[in-house]
Amino acid sequence: MTKSSIILASVIAAGALTGPATATAKRWRPPPVDPSRIVRSANSWALQSNTTQTYSLTIAGIPEAFNTLLPCAGFDIKGSGVDLAAVNLNGFGPVDPMPGKEGTPDGGILFAERQPDGSYAIPESRAVVGPLNQHEAIGCALSGYHWYDAKGNPNNVALPNYIKHKPRLPGRTRPTQVAGPVSVTLAGFTGTTAANGPPRLVLRITTGELTGPVKLRMRADVLKQRSTRASENA
């Protein structure tokens, strides 16, 4: 995939995998997939007191042609006096313009801005955690932050956040975030151009005095596209 964009892949995944929001979609759910097509990336860190650190998770499987970042990619921070989580974050950083959109103010990329040298970038101010990111984390957390389980079946718990006609989530349906002495000042996906490094999830976290252990976990799953031969034989 030339001019690959992890940002566009996120949007496509959230739309294409959720199905039509119509009355006929009440019982719609994504079909199962071969679990060998799912590439999982994850890492964790113990946070330290009174620091500002940037954490990065390289996302395997992107930007290979037509591979897609799945919903539920994101992070959680849990520990003594801290309970934070967010998924499906925005993109930021340098991006390539869409074909035919070179020279336009945004290059055909949502929220992108043309730079003085003619390149394009999405400002870091877009890479913040919002209420929707927190709300969607509820269902994703109940399903282990995976859109598909280990057998390739879609997770029923995560689906209600995306399908309008599905029942409400069990238990609490509003995000309850406890920040404590932790502040997430940057959270998003970047790495959409060769000059900007590999696709990755990036967080910048500032901590005060922690009263006990606090752990950051970051996760992202990618669905590999079937090979051309497999698609033809399907």
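A polar contact is a pair of N or O atoms within 3.5 Å; within protein, one atom must be able to donate a hydrogen and the other to accept it, and residues adjacent in sequence count only if both atoms are side-chain atoms. To see such a pair, select Asp 221 and His 146, whose side chains are joined by a polar contact of 2.6 Å.

The structure is a predicted model, in which local features need pLDDT of at least 70 and side-chain atom pairs count only at pLDDT 80 or more, whereas totals for chains, interfaces and linings use all residues. Residues are numbered from 1 along each chain as its sequence is written, and side-chain values use heavy atoms, with hydrogens and water left out.

Keep Asp 221 selected. This residue lies in strand 11; helices (H or I, at least four residues) and strands (E, at least two) are DSSP runs, numbered from the N terminus. Asp 221 is buried, at a relative accessible area of 4%, where buried means under 20% relative accessible area, exposed over 50% and partly exposed in between (1.4 Å probe, protein chains only). Next, display the residues in contact with Asp 221, contact meaning heavy atoms within 4.5 Å. Leaving aside neighbours within four places in sequence, these include Ile 38, Arg 40, Thr 68, Leu 70, Tyr 145 and His 146.

From that list, select Tyr 145, which is found in the loop between helix 2 and strand 9. Its phi is near 65°, a positive value in a residue other than glycine. Most residues other than glycine have a negative phi. Tyr 145 is buried, with a relative accessible area of 7%.

A second residue of this kind is Cys 72, with phi near 85°, again positive in a residue other than glycine. Look for Cys 72 in the loop between strand 3 (68-69) and strand 4. Cys 72 is buried as well, with a relative accessible area of 1%.

**The whole chain**

Now zoom out and colour by secondary structure. The protein has three helices and 11 strands, and from the N terminus on its elements run α-β-β-β-β-β-β-β-β-α-β-β-β-α. Of the 234 residues in the protein, 41% are buried. Among contacts between residues at least 6 apart in sequence, 71% join residues at least 24 apart.

**The nonpolar cores**

A nonpolar core is a set of buried Ala, Val, Leu, Ile, Met, Phe, Trp, Tyr and Cys residues joined through side-chain atoms within 4.5 Å. Select Leu 47, Phe 75, Ile 77 and Leu 216: these have the most contacts inside the largest such core, which has 26 residues. Strand 2 (52-58), strand 4 (74-79), strand 5 (82-87), strand 9 (182-190), strand 10 (200-207) and strand 11 (214-223) each supply at least two residues of this core. The largest share, five residues, comes from strand 11. Centre the view on Leu 216; leaving aside neighbours within four places in sequence, its contacts include Trp 45, Leu 47, Tyr 55, Phe 75, Ile 77, Leu 203 and Ile 205. Apart from this core lies another, of 12 residues, among them Leu 70, Ala 137, Cys 140 and Leu 223.

**Strand 10 and its partners**

Select strand 10 next. Six of its eight residues are buried, so the strand is largely enclosed by the rest of the structure. Two strands pair if DSSP finds at least two bridges between them. Strand 2 pairs with strand 10 in the antiparallel sense over seven bridges, with Thr 58 bridged to Arg 200. Strand 9 also runs antiparallel to strand 10, joined to it by eight bridges; here Val 184 has Ile 205 as its bridge partner.

Strand 6 pairs with strand 8 (residues 120-122) over three bridges, and Pro 94 has Ala 121 as its bridge partner.

**Two last stops**

Select Arg 126 and Phe 111. Arg 126 lies over the face of Phe 111, at 3.5 Å from the ring centre; a charge sits over a ring if NZ of Lys or CZ of Arg is within 6 Å of the ring centre and within 35 degrees of the ring normal.

Finally, select Glu 136 in helix 2 (residues 131-142). Glu 136 counts as buried, at 10% relative accessibility.
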